[in-house]
Amino acid sequence: YQSLGSSAILVTFRRTKLRNEFASALLAQQASGSMPLLRLDDASNMTLKWQHGVVSNYDYLMYLNESADRTQNDLTQYPVFPWVIADYTSDVLDLDDPMTYRDLFRPIGALNADRLRTFVQRYEQMPSDQPKFLYGTHYSTPGYVLYYLVRKVPEYMLRLQNGRFDAPDRMFHSIADTWHSVLHNAADLKELIPEFYDTAPASGTAGDFLVNSHGLDLGTRQADGKRVNDVVLPPWASSAEDFIKKCRAALESEFVSQQLHHWIDLIFGYKQRGQEALEADNLFYPMTYEGAVDIEAITDPRERHAIELQISEFGQTPTQLFTSPHPRRMPREQRRPEAVGGAGGDGGANTSTTTAAATTTTTTTTS
């Protein structure tokens, strides 16, 4: 939910029952006309606007994240965005070359066939009387978010790491190195965050999270003896801002527009869980899924705290929004923005009209 002034409100609750009662009270006030600023959008209408190009890929992904209870106010449920570029070594980024792009039909863990085989072998060796999974790590965790944002909000990393930064060799040092890691490291499946595509952030400048503007002492890497400072950009980016602009151009490209529904199926849709997830090589540790544990049924406070800590720190899969294949975006020449009441929204700048149609009005880490 969002006010007409576009300032979001986050409310968290310790109990699902209290959250639902609060949401019902808000909706009742809206129905009575006493709260005109509360607005819930029609999800199918938003999808139709996206298909016709009224809503950009960036704004639609933000809409889906918010609908799935993801918010930039909560590190444990931060919005998740896909890697879309696979070329971080060329001098020039060719957005007309299909080889420039990541395969959005597959999750990060399945992009490397050799690594996937090791995950599958481990899955097949798991005891049949226990929940089985392909990936023991997740694509979105508080640690991954702060891995990307440490230069912008170092105080959060210091709190997470008990007053110190992570080891220099594990810090966010290079775009190319990070991409290599998510392709080859069995313990690294992280996707991206909205900041990689946000050309007009509410505060700061585009790409400022890639620059060590605070002059932080992030240490020296043992691997190459270099000090960790600004993030090393690919050769095709002249600056952090230029990098973000080109990432955004890739996200809004026609190639990604025609493939993005596959990634939505994996993260928010019918391939998120169950047999479809297994067949798509997209099955994660059971506790990462919403509803896997009934927190309120646990009476032992220590056990409850331990499970809540595990859920919050080791990743949470977004609320499932779709149980059937997500429609493809229409090819550019077939889009009719006027048919859904708007002008095209494919440009690089963020629009400010998108609001979330959350299945629940509030966000919580324990429901």
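Here's a short chat about the helices and the ring pairs in this predicted model.

User: Are the rings of Phe119 and Tyr135 stacked, tilted or edge-to-face?
Analyst: Rings with planes over 60 degrees apart count as edge-to-face. Phe119 and Tyr135 have ring centres 4.9 Å apart and planes at 85°, so this pair is edge-to-face.

User: Where do Phe119 and Tyr135 sit in the chain, and how many residues apart are they?
Analyst: This pair links distant parts of the chain. Phe119 belongs to helix α4, while Tyr135 is in the loop between α4 and α5, and the two are 16 residues apart.

User: What about Tyr148 and Phe196: how many residues apart are they?
Analyst: These two also form an aromatic pair, with 5.0 Å centre to centre and 80° between the planes. Tyr148 is in helix α5 and Phe196 is in the loop between α7 and α8, which puts them 48 residues apart.

User: Which residue has its charged end over the ring of Tyr123?
Analyst: A charge sits over a ring only if it's within 6 Å of the ring centre, among other conditions. Here the distance is 4.5 Å, and the charged end belongs to Lys132.

Notes:
Residues are numbered from 1 along each chain as its sequence is written. This is a predicted model: local features need pLDDT of at least 70, side-chain atom pairs count only at pLDDT 80 or more; totals for chains, interfaces and linings use all residues. Side-chain values use heavy atoms; hydrogens and water are left out. Rings of Phe, Tyr and Trp (its six-membered ring) pair if their centres lie within 6.5 Å; planes under 30 degrees apart count as stacked, over 60 as edge-to-face and the rest as tilted. Helices (H or I, at least four residues) and strands (E, at least two) are DSSP runs, numbered from the N terminus. A charge sits over a ring if NZ of Lys or CZ of Arg is within 6 Å of the ring centre and within 35 degrees of the ring normal.
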